[in-house]
Amino acid sequence: MFARGTAMHSARKGSPNTGSHTSGDKFDRFEKWLRDNGARFDQLEIKVYDDGSSSSRGRGDDSNEEKKDTVTKDDGEESEMRGVHALSHIPPNTLVMTIPRKCLITVEMGQATPIGQAILNSDLDLDAPKHIFLMVYLLWDRKVNGTNSFFYPYYEVLPKTLKNMPIFWSMEELAELNGSYLQQQIADRNQAIAEDYRAICEVAPQMRELATLEEFKWARMCVCSRNFGLQIDGHRTSALVPHADMLNHYRPRETKWTFDEDRQAFTITSLQHIGKGSQIYDSYGQKCNHRFLLNYGFAVEDNRELDGFCPNEVPLELYVSPDDPLLNEKLEFWTRGEINDKNHGPPGRATTRLQSTHAAEPLGVPPLLKRIRVCVSSNENTRLLFSLLRALACNGPELHALASPVSASCGPIVRGDDRSSSNVARSLFGFPELPSSNSVLTGSPMPFGATYHRSCRDIRHPVSLRNERAALRLLLQIVERHLSAYSTTLAEDETDLLDELAYPRFSNKRHAKIQVRGEKEVLHHFARWATTALEVLDVIEEELQEERGSIEVSSTGRVSVVNHEERPSFDFLIQRMEDDAESRDIGHHTIVRYCADVLGSLRREEFKNIRRQRVLQQEQPRARTSSGRIWRSHEPGSSKR
């Protein structure tokens with residue numbers, strides 16, 4: 001699915017007016033146009049909502065529902081809040097809507113216009129090409145054909161303004177996002193749309209006659225919030241689908257949609273029972289609230305899945321400190337594999353999991369800033385975050401071990417028993433196993449070749465207890481820096497959201513507050529992660545000190561074990577955390593698993609090292625005694641003749 005929908009649950013947008021429509025007969029004309037052209041939606045009706053009060057029909061006061069057409073109605077303005085309701089009970093697996101292909105506006109239709117052809121022939125690098133061609137058709141057809149357009153009844157019911165979209169917010173409303181990176185994303189979106197408009201006007205000057213920049217923005221966000229990604233005739237495309245684009249968002253989904261090749265129509269089918277009078281929803285997918293807000297103009301109050309997972313994210317910014325004594329060495333490792341790398345793009349362009357930008361810095365050194373989105377989960381992005389933190393936390397020897405490439409031509413080749421012990425150490429540092437001497441002699445494939453270079457994204461295992469502790473402290477500093485950028489605390493946000501007079505339901509101001517609250521919840525999760533893990537590391541360090549101090553070696557080489565007073569152990573602490581996790585949220589479980597598995601692995605390795613040292617201490621006196629006897633047997637005159 002493309003950008004048509006991006007929220008997770010739903011939130012009721014207002015009370016339905018008496019009757020189906022409140023805007024004259026334009027909805028009657030719209031429905032008649034669809035039916036005359038073969039559309040079927042006999043069990044459905046469109047309702048327009050008066051205001052932001054909760055609807056008394058259907059699912060009730062559900063804070064997990066959201067609508068895309070949500071604009072606070074000013075005096076004298078027509079409400080743009082609408083939804084689709086069931087006229088009768090709908091069983092599961094019922095075909096509730098069929099919109100024939102002729103009523104769809106597709107990318108190909110936009111490409112066939114004069115402006116679309118000019119864009120194709122110019123090979124412009126546009127921000128969202130499929131969206132551009134859809135909006136080109138929308139603007140071109142409305143202007144050229146006007147009321148004679150086949151799609152005119154559809155154009156009549158499109159929202160006249162999109163004040164709920166953040167790119168149209170006032171400065172006062174944008175100020176509610178202070179501290180959030182979403183402010184920058186909104187500015188970037190505005191800039192990208194303006195650049196697309198100017199670029200298209202350069203190759204197709206008639207665009208200026210079709211639309212002003214503000215009208216171009218309106219069309220861009222109409223398409224962004226309403227289009228469906230479809231496969232038609234075996235070809236992936238995007239389309240505006242009249243009527244279907246009025247379904248609001250709800251999770252878990254209760255309908256499914258597709259383009260039916262046999263019917264040559266877009267169809268929506270129910271997945272569960274839908275009661276008479278209830279609103280009928282489409283799921284826009286599992287998304288972070290910043291995507292809902294940026295692309296659809298709403299934020300979901302309780303953005304959680306049935307299993308408790310919340311996809312809300314916050315971007316964390318990491319960079320090499322200009323004061324780092326290893327600045328140059330770390331910058332080389334930090335940027336390895338990214339600069340001039342076509343797979344990552346130029347600085348400032350988002351990669352799959354992180355974004356890199358050159359950040360201005362007082363000393364004139366441009367450390368590469370990496371921005372990575374994380375949520376309350378131990379997913380790939382979280383693992384990447386810890387990899388980057390470990391790179392930043394390296395001291396000299398650790399950085400050398402991590403950043404020095406091992407190659408087939410010049411890398412260390414370990415022979416015999418040394419290879420096994422060396423691989424234990426390399427595994428701890430996050431490296432693959434070293435090649436054996438046999439692999440070189442026989443010409444077998446090497447794990448990595450002369451051109452192999454590790455990057456800071458690849459440190460997926462802890463480096464050392466010292467490094468992991470430093471990485472966690474750095475994480476805590478980063479979280480505190482981000483939290484300090486907001487003008488309110490998480491507790492204040494939660495209190496504000498209880499005041500529906502100051503923060504009316506479905507208002508831009510409230511949606512902004514929901515967004516920043518969600519970001520702070522993620523930040524607080526990682527702060528709790530860091531502080532909890534540091535406390536566990538303290539316990540591990542105490543245990544290791546006790547283990548080291550329990551070894552006493554006499555002058556004769558005899559080893560004895562000294563007993564110390566018992567303290568709460570690592571195992572006891574983890575067990576207590578696991579018991580607590582059964583009644584806590586998914587975030588707590590994530591922290592427990594990190595402490596038990598990652599820190600537990602480090603702890604086991606350290607204990608193994610101490611025990612190896614103990615064995616060596618036991619063997620050294622024997623070796624000295626044995627060596628002394630051998631030396632004396634070769635003293636002059638010691639041998640018998």
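Here are my entries, in the order I looked things up.

**Ground rules.** I am reading a predicted model, where local features need pLDDT of at least 70, side-chain atom pairs count only at pLDDT 80 or more, and totals for chains, interfaces and linings use all residues. Residues are numbered from 1 along each chain as its sequence is written, and side-chain values use heavy atoms, leaving out hydrogens and water.

**Helix α1.** I began with α1, residues 26-36, and found Lys26, Phe27, Phe30, Glu31, Trp33 and Leu34 buried (under 20% relative accessible area, with exposed over 50%, by a 1.4 Å probe on protein chains only). They cover an arc of only 155 degrees around the axis, so they lie on the same side of α1 (the arc is taken from the directions from the helix axis to the C-beta atoms). On the other side, I noted Lys32 and Asp36 as exposed. The buried residues pack against β1 (44-48), β3 (82-86), β4 (95-100) and α5 (152-157). Just after α1, I saw Gly38 with a positive phi of about 100 degrees.

**Thr267.** Next I found Thr267 in strand β10, residues 265-270. Is Thr267 buried or exposed? Thr267 counts as buried because its relative accessibility is 4%. Beyond its neighbours within four places in sequence, I listed its contacts (heavy atoms within 4.5 Å): Leu95, Met97, Thr98, Lys256, Trp257, Thr258 and Asp260.

**α11 and α13.** Last, I checked which residues make this contact: Glu329, Lys330 and Phe333 of α11, and Leu399, Leu402 and Ala403 of α13.

Definitions and conventions
Helices (H or I, at least four residues) and strands (E, at least two) are DSSP runs, numbered from the N terminus.
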